[in-house]
Amino acid sequence: MLKERIRIQYEAGESCSRIILRAAAEEYGFSLSEDILSACSGISGGFGIGGMCSALVAAVMVLGLLYDGEETAGKRILFLYQMQERFGHLDCSRLSAMEEDCLPVLEEIGEILEAVIEG
């Protein structure tokens, strides 16, 4: 289950985007290069300004790795719509302010991503 893998990555001290990418790679069996993981440092903390949550960016990247073209676009729209409906916003500063730490938000991102992938 993706949520459990997210928890394990969180406890290992990974950044939010790396948590989502690593957990999804383990769950869905795709490989990640060190270059992709290194690129995550550029989007951490909402691109360093509290903007778009890097875990959401990583989740959309997962969809791009699993699907092609229009299917990716449709699943991306569905995922972001469901996130917006659930939380009311998509930016790191507001999402991280909702909880003491980001784990509950990351777990919900995982649940929604998993439902979109399996749906």
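A search through the whole structure turns up zero aromatic pairs (rings of Phe, Tyr and Trp, the last by its six-membered ring, pair if their centres lie within 6.5 Å; planes under 30 degrees apart count as stacked, over 60 as edge-to-face and the rest as tilted). The model is a predicted one, with pLDDT of at least 70 needed for local features and 80 or more for side-chain atom pairs, while totals for chains, interfaces and linings use all residues. Residues are numbered from 1 along each chain as its sequence is written, and side-chain values use heavy atoms, with hydrogens and water left out.

Next come the helices (DSSP runs of H or I with at least four residues, numbered from the N terminus). Two packed helices are described by the angle between their axes and the distance between the axes. Here the axes are lines fitted to C-alpha atoms over the stretch in contact, and the angles run from 0 to 180 degrees between N-to-C directions. Helix H1 (residues 2-11) packs against helix H2 (residues 16-28) at about 135°, with the axes 9 Å apart. H1 and H2 are therefore oblique to each other (under 35 degrees counts as roughly parallel, over 145 as roughly antiparallel, 65 to 115 as roughly perpendicular and the rest as oblique). On the H1 side the contact (heavy atoms within 4.5 Å) is made by Leu2, Arg5, Ile6, Gln9 and Tyr10, and the H2 residues taking part include Ile19, Ile20, Ala23 and Glu27.

Ala23 belongs to helix H2 and is buried, with a relative accessible area of 0% (buried means under 20%, exposed over 50% and partly exposed in between, with a 1.4 Å probe and protein chains only). Leaving out residues up to four places away in sequence, Ala23 touches Leu2, Arg5, Ile6 and Gln9. Ala23 and Leu2 are 21 residues apart in sequence, and their C-alpha atoms are 6.3 Å apart in space.

H5 and H6 also pack with their axes 9 Å apart, at an angle of about 155°, and are therefore roughly antiparallel. This crossing is right-handed. Leu56, Ala59, Val60, Leu63 and Gly64 of H5 make the contact with Thr72, Lys75, Arg76, Phe79, Leu80 and Met83 of H6. Ala73, in helix H6 (residues 69-87), is partly exposed at 24% relative accessible area. Its C-alpha atom is 21 Å from that of Leu2, 71 residues away along the chain.

H5 has another partner: its axis and that of helix H8 (residues 103-118) come within 11 Å and cross at roughly 20°. That makes H5 roughly parallel to H8, and the crossing is right-handed. Ala55, Leu56, Ala59, Val62, Leu63 and Leu66 in H5 meet Leu106, Ile109, Leu113, Val116 and Ile117 in H8.

Ser54 lies in helix H5 (residues 54-66) and counts as buried at 4% relative accessibility. Beyond its neighbours within four places in sequence, Ser54 contacts Cys16, Ser17, Ile43, Ser44 and Gly45. Phe47, in helix H4 (residues 44-50), has a phi near 65°, a positive value in a residue other than glycine. With a relative accessible area of 43%, Phe47 is partly exposed.

How values were computed. Helix = DSSP H or I, 4+ residues; strand = E, 2+ residues; numbered from the N terminus. Left-handed = near helix turned anticlockwise from the far one by under 90°.
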